[in-house]
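Open your viewer, keep the sequence panel at hand, and follow along stop by stop. At each stop you will get something to select and a short account of what is there.

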Amino acid sequence: KPADLAKDAAARAAVALVEPGMKLGLGTGSTASVFVRRLAERVAAEGLELRCAATSKATADLATSLGLKIETLDELGWLDLTIDGADEVDPDLNLIKGGGGAHLREKIVATASDRMVVIADKMKVVEHLGEFHLPVEVVPFGKEATKKLIERVLDGHGLAGRPVKWRNGPEGGPFLTDEGNVILDLYLGRIADPEKLGRDLSSIAGVVEHGLFLNICQLAIIGGEDGSVVELER
Ligand code: DER
């Protein structure tokens with residue numbers, strides 16, 4: 001499918017950024033998975049020496065199954081480069097992430113890296129963040145009270161009444177993150193002031209982390225269906 005060709009083009013361009021001996025952060029989601037597969041091919045072909053930290057159990061399992069060496073972020077300490085997908089990329093390379101429910105570990109890994117590069121197809125490029133739902137990871141304890149506090153924050157941003165929904169898991173119960181937390185998805189439509197919204201959400205005790213990645217990504221590689229890529233740099 002065209003989007004798969006675009007994801008593969010972006011993933012292959014990102015593999016070319018990897019240098020021998022690098023400590024790499026491996027993202028989560030379908031585009032990041034294409035990157036992991038293409039990276040594993042290069043490692044096998046060239047005997048590339050790499051040390052990798054994964055942003056989710058799912059990515060760790062995929063990478064390990066393909067012969068990549070996965071270590072914990074603590075074993076690696078700090079990373080040279082993280083490659084990850086995104087749900088939205090705006091002109092300032094600010095992102096919404098978390099569609100796959102891994103944005104806490106993704107943000108930890110991305111900010112523990114010298115460089116974070118996003119790979120995506122062009123559908124992810126937007127003028128303003130918010131069309132895609134904004135995920136917020138919430139501690140289960142007191143989650144309904146936390147939801148009320150989040151709704152109060154949204155009121156303050158002129159977003160009163162926007163739908164907010166607890167994310168359901170595959171078995172129908174609540175979706176649980178790798179950390180055992182739950183996720184509230186905020187359907188905002190357009191976020192006028194992402195910086196302020198991020199700060200306000202983070203100030204709520206029960207909020208663990210939100211999916212706004214601000215001033216984190218330095219380069220976005222946008223794949224085209226024809227195998228071409230466009231690089232957006234900040
Ligand atoms: O959940 C995530 O943050 C993923 O990286 C998501 O943002 C992109 O997933 P996709 O590559 O499957 O669209």
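Begin by selecting Glu-41, which is partly exposed at 45% relative accessibility. Buried here means under 20% relative accessible area, exposed means over 50%, and partly exposed is in between, with a 1.4 Å probe and protein chains only. Before you move on, note that this is a predicted model, in which local features need pLDDT of at least 70 and side-chain atom pairs count only at pLDDT 80 or more, while totals for chains, interfaces and linings use all residues. Residues are numbered from 1 along each chain as its sequence is written, and side-chain values use heavy atoms, with hydrogens and water left out.

**Stop one: the salt bridges of Arg-38**

Arg-38 and Glu-41 form a salt bridge, with 3.0 Å between the closest N and O atoms; the term covers a side-chain nitrogen of Lys or Arg within 4 Å of a carboxyl oxygen of Asp or Glu. Both residues belong to helix H2, 3 residues apart, which is about one turn of the helix. Helices (H or I, at least four residues) and strands (E, at least two) are DSSP runs, numbered from the N terminus.

Asp-8 counts as buried at 14% relative accessibility, whereas Arg-38 is partly exposed at 28%. Select Arg-12 as well, and you have the salt-bridge network of Asp-8, Arg-12, Arg-38 and Glu-41.

**Stop two: Lys-69 and Glu-71**

The structure holds 16 salt bridges, and another one to visit joins the side chains of Glu-71 and Lys-69, at 3.9 Å from N to O.

While you are here, click on Leu-66, in the loop between helix H3 (57–65) and helix H4 (73–76). Leu-66 is partly exposed, at 32% relative accessibility.

**Stop three: the ligand**

Center the view on the ligand and show the 14 residues around it; Thr-28, Ser-30, Thr-31, Gly-100 and Lys-124 come nearest. A residue is near a molecule or strand if one of its heavy atoms lies within 4 Å of it. By class, this shell has 1 nonpolar, 8 polar and 5 charged residues. Ala, Val, Leu, Ile, Met, Phe, Trp, Tyr, Cys and Pro count as nonpolar, Asp, Glu, Lys and Arg as charged, and the others, Gly among them, as polar.

A polar side-chain atom of Lys-124 lies 2.6 Å from one, an N or O atom in the side chain of Thr-31 is 2.7 Å from one, and a backbone N or O atom of Gly-98 is 2.9 Å from one. The protein covers 90% of the 350 Å² of accessible area that the ligand has on its own. Accessible areas come from the Shrake-Rupley method with a 1.4 Å probe.

**Stop four: strands**

Switch to a cartoon view and find the open sheet of 3 strands, ordered S4-S5-S11 with antiparallel pairing. Strand S4 (88–89) and strand S11 (212–213) are at the edges with a single partner strand each, so one side of each has no neighbour in the sheet. Two strands pair if DSSP finds at least two bridges between them. Strand S5 (residues 95–96) is joined to S11 by 2 bridges, and Ile-96 has Leu-212 as its bridge partner in S11.

Next, move to strand S12 (residues 219–223) and strand S13 (residues 229–233), which run antiparallel and are joined by 5 bridges. Ile-222 stands opposite Val-230 in S13. The hairpin has 5 residues between these strands, and Gly-227 takes a positive phi near 90 degrees in it.

**Last stop: Arg-167**

Finish at Arg-167, in the loop between strand S8 (164–166) and strand S9 (182–186). Arg-167 is buried, at 12% relative accessibility. Show Asp-185 too: the side chains of Arg-167 and Asp-185 are joined by a polar contact of 2.8 Å. A polar contact is a pair of N or O atoms within 3.5 Å; within protein, one must be able to donate a hydrogen and the other to accept it, and residues adjacent in sequence count only if both atoms are side-chain atoms.
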